[in-house]
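Welcome! Here is a short tour for anyone meeting this structure for the first time. Please have a look at the sequence and the model below, and then read on.

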Amino acid sequence: MLKTIMAGVLLATPALALDLDRVPEQGMLIRGKVSPGTKVTLDGGPLTVSPAGDFVFGIGRDAKGSVTLKAGAETKRYEIKTRSFKIDRVDGLPQDKVTPDPSVTERITAEAAKIRAAREKESAQTGFAQAWQWPAPGRISGVYGSQRVLNGEPRTPHYGTDVAAPTGTPALSPVDGTIVLAEADLFFTGGTVMIDHGQGVQSVFAHLSTVDVQVGDVVKRGQSVGKIGMTGRATGPHLHWGVYWRRTPVDPAGLVPAEPPKLK
Ligand SMILES: [Zn+2]
């Protein structure tokens, strides 16, 4: 009898077709679901699929054209939805404000290598598939993808969402993860924490006044990893929150409700 019921349940559950949580769009993290055990490729490259059938990929800010997903026998081509990003042109700046001082080049290079090494870590964790929460209450003070052009030179776009909040406000992991970088004082980003959420998805928190975790710590969604501050190159206390899929920065704001919770 039990066997019959079980078989009935299995038959009643149709094979899960390739399902994405949003259309592929510039700068977005896309989460998908397939029947467990299905092999998935993105433009021919294999994606990891969790035992529950969860997978993820990111679309770059400047990606164009289409992406093709193959899941088992199913193939789907998606046009990448385009977005427009804010560009600020600032001209007439003294050149030494545009190019960093050569004396700090060595430090910047060493720190960039450390960040790159942490970013290469890809685990089988599945925190990325959870419902994401804002890492802090406050006001959005900077958006993903905006770009400054200084004296005609385009700078790296702003790859993160800034939440302005007072120094000392806890910075919370948006979903479950493991700490892959915890540094008290990097040149650009000051107190910096990187959290691995699985399958190449990571959060980075910058400008922290206090770092309260160590590499290897396991953190739960909503758990504090440090305190907001204005360390590194920051002009006021805020949390810079970046999200990456492998080497592709994506828009954190695309993962959470439109506004962070209000400061109490
Ligand atoms: Zn920022």
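How many bridges join strand S2 to S5, and do they run parallel or antiparallel? Strand S2 covers residues 29–33, and five bridges join it to S5 in an antiparallel run. Please keep in mind that this is a predicted model.

- S2 belongs to an open sheet of three strands, in the order S1-S2-S5, with antiparallel pairing.
- At the edges of this sheet are strand S1 (19–20) and strand S5 (54–58), each of which pairs on one side only.
- To find the pairing by eye, look for Leu29, which stands opposite Gly58 in S5.

**Two domains**

- The protein chain is divided into domain 1, residues 2–79, and domain 2, which is made of 111–144 + 156–255.
- Taken over C-alpha atoms, the centres of domain 1 and domain 2 are separated by 26 Å.
- Domain 1 brings 19 residues to the contact, and domain 2 brings 18 residues.

**Where the domains meet**

- The size of an interface is often given as the accessible area lost when the parts come together.
- Between domain 1 and domain 2 the buried area is about 1,500 Å², and carbon and sulfur atoms give 63% of it.
- On the domain 1 side, Leu29, Arg31 and Arg61 lose the most area to domain 2, together 38% of what that side buries.
- Eight residue pairs are in polar contact across the interface of domain 1 and domain 2, while the count of salt bridges between these domains is zero.
- S2, strand S4 (45–47) and S5 are the elements that give two or more residues to the side of domain 1 that touches domain 2.
- S5 gives the most to that side of domain 1, with five residues.
- The residues on the side of domain 1 that touches domain 2 divide into 10 nonpolar, five polar and four charged.

**Another open sheet**

- Three strands form an open sheet in the order S8-S10-S11, and here the pairing is mixed.
- Its edge strands are strand S8 (87–90) and strand S11 (153–154), each pairing on one side only.
- S8 and strand S10 (residues 147–150) run parallel and are joined by four bridges.

Note on methods:
Residues numbered from 1 in each chain as written. Predicted model: local features only at pLDDT ≥ 70, side-chain atom pairs only at ≥ 80, totals over all residues. Heavy atoms only, no water. Pairing = 2+ DSSP bridges. Domains from an automatic or database assignment. Contact = heavy atoms within 4.5 Å. Buried area = accessible area lost by both parts, 1.4 Å probe. Salt bridge = Lys/Arg side-chain N within 4 Å of Asp/Glu carboxyl O. Polar contact = N/O pair within 3.5 Å; in protein donor to acceptor, adjacent residues only side chain to side chain. Nonpolar A, V, L, I, M, F, W, Y, C, P; charged D, E, K, R; others polar.
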